[in-house]
Amino acid sequence: MLIGMFSENNAQYAYASSFARTFCILGFRVITFNNRHQFFSWIPKRFTNWLNNYLINQSLLKQVQKYKPSLLFLIKAENIFPTTLKTIKAKYNPTIVNFYPDNPFAVWNGNSTHHVLASLPFYDHFLIWSQMLIPVLYTAGCKKVHYFPFGFEEELFNQIPKIVDSEYQSEVCFVGTWEPGREEWLTNLLARLPHLNLAIWGDLWGKNISPKHILHTKIRGQALYGEKMLAATQGADIVLNFIREQNATAHNMRTFEVPASGAFLLTQRTYEQAVLLFTEDESIACFENLSELVDQVTFYLNNADRRKKIAQKGHEVVQQYTLKKQLSLFISSLERLT
């Protein structure tokens, strides 16, 4: 049974759906459970949040009783109560696993909850994207922690044809939600390179960038998914990636998605990206500060052959990090333990 956020809008991508499809490819019978379902969608969440979460947990208990899965695989599922997991383990004894795509200790910014922290001892296996968090998770009570990079769904990328459309062409693009830090990076970059053909797609940019702002004319639309996201990354000479503070020395999904699309990735330097997962200046390009960002953008725009060579090597290296390979490795480790 796979528990996670499944989008009810087919036009929107949900990470949990990639896991569901990948488990099916690996030969599992998959039952999905949407832990973000809203029972009272017509009422503001702040009035119904506790009751909605209670009903989610009761519904999960009923589904587990009905199907009796051997593997309970949660993707974040931050509103699942520790008492629910304890009851499921006692009654049905499945292997309980959580892959947490955010920082499980970042309660202050909404990326985690007290339910998550209290549930850590009840997971048989906890999968995390950052090596830095592994010892902390053990200290917090986890039984077994595994390093699990985000990965990408190879079928999603391999089956989507390349779009050639001027709407998606740019010298430099960024695809991602507006955040103050990202605005600052891009504002300063454009101030230093005012003639740069910069393209921005993502939620909240239109809301937070005024018509007089230097970035206003660079915003091309809302968040992109699937074929359109690939069109934007493939249509750019350089794709930028900014690492959130919570990801610290690690990586994010774009770390793999951009090279998987065959595009050239210029990302904020972290140990995992530059050393552990890829090799800087060979299969990935990095920057640390504004001066280096400007220098790197200028250099790679003027050196297409070098840019293409790194993109090709990145595409080759990233094949090690398909979601199918990552899940296969984890399932193999489970089989060795049983």
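Predicted model: local features only at pLDDT ≥ 70, side-chain atom pairs only at ≥ 80, totals over all residues.
Six strands form an open sheet here, and they lie in the order β2-β1-β3-β4-β5-β6. The pairing in this sheet is parallel. At the edges are β2, residues 32–34, and β6, and each of these pairs on one side only. From one strand to the next, the twist averages 20 degrees.

Now to strand β5, residues 125–128, inside that sheet. In general, side chains in a regular strand alternate between the two faces of the sheet. In β5, H125 and L127 point one way, while F126 and I128 point the other way. Are these residues buried or exposed? All of them are buried.

What are the partners of β5? On one side there is β4, residues 95–100, which pairs with β5 in the parallel sense over four bridges. F99 stands opposite L127 of β5 in that pairing. To get from β4 to β5 the chain passes through helix α4, residues 114–119, and this β-α-β crossover is right-handed.

The other partner is β6, residues 145–147, also parallel to β5, with three bridges. Here I128 stands opposite Y147 of β6.

Next, the region just after β1. F6 sits in the loop between β1, residues 2–4, and helix α1. Its relative accessible area is 14%, so F6 is buried, the cut-off for buried being under 20%. What does F6 touch, leaving aside its neighbours within four places in sequence? The contacts are A14, A16, S17, A20, T32, F33 and N34. For a sense of distance, the C-alpha atoms of F6 and S112 are separated by 18 Å, and these two residues are 106 apart along the chain.

Helix α1 itself spans residues 15–25 and is mostly covered, with eight of its eleven residues buried. The buried residues are Y15, A16, S17, S18, F19, A20, T22 and F23. After α1 comes G27, with a positive phi near 100 degrees.

Last, a pair of helices. Two packed helices are described by the angle between their axes and the distance between the axes. For α12, residues 290–301, and α13, residues 304–318, the axes come within 6 Å and cross at roughly 100 degrees. The two helices are therefore roughly perpendicular to each other. Which residues meet in this contact? From α12 they are F299, Y300 and L301, and from α13 they are A304, R306, R307 and I310. By type, the contact has five nonpolar residues, no polar ones and two charged ones.

Methods: Residues numbered from 1 in each chain as written. Heavy atoms only, no water. Buried < 20%, exposed > 50% of the residue type's maximum accessible area, 1.4 Å probe, protein only. Pairing = 2+ DSSP bridges. Right-handed = clockwise from strand over helix to strand, strands pointing away. Axes fitted to C-alpha atoms, helices over the stretch in contact; angles between N-to-C directions. Parallel < 35°, antiparallel > 145°, perpendicular 65-115°, else oblique. Contact = heavy atoms within 4.5 Å. Nonpolar A, V, L, I, M, F, W, Y, C, P; charged D, E, K, R; others polar.
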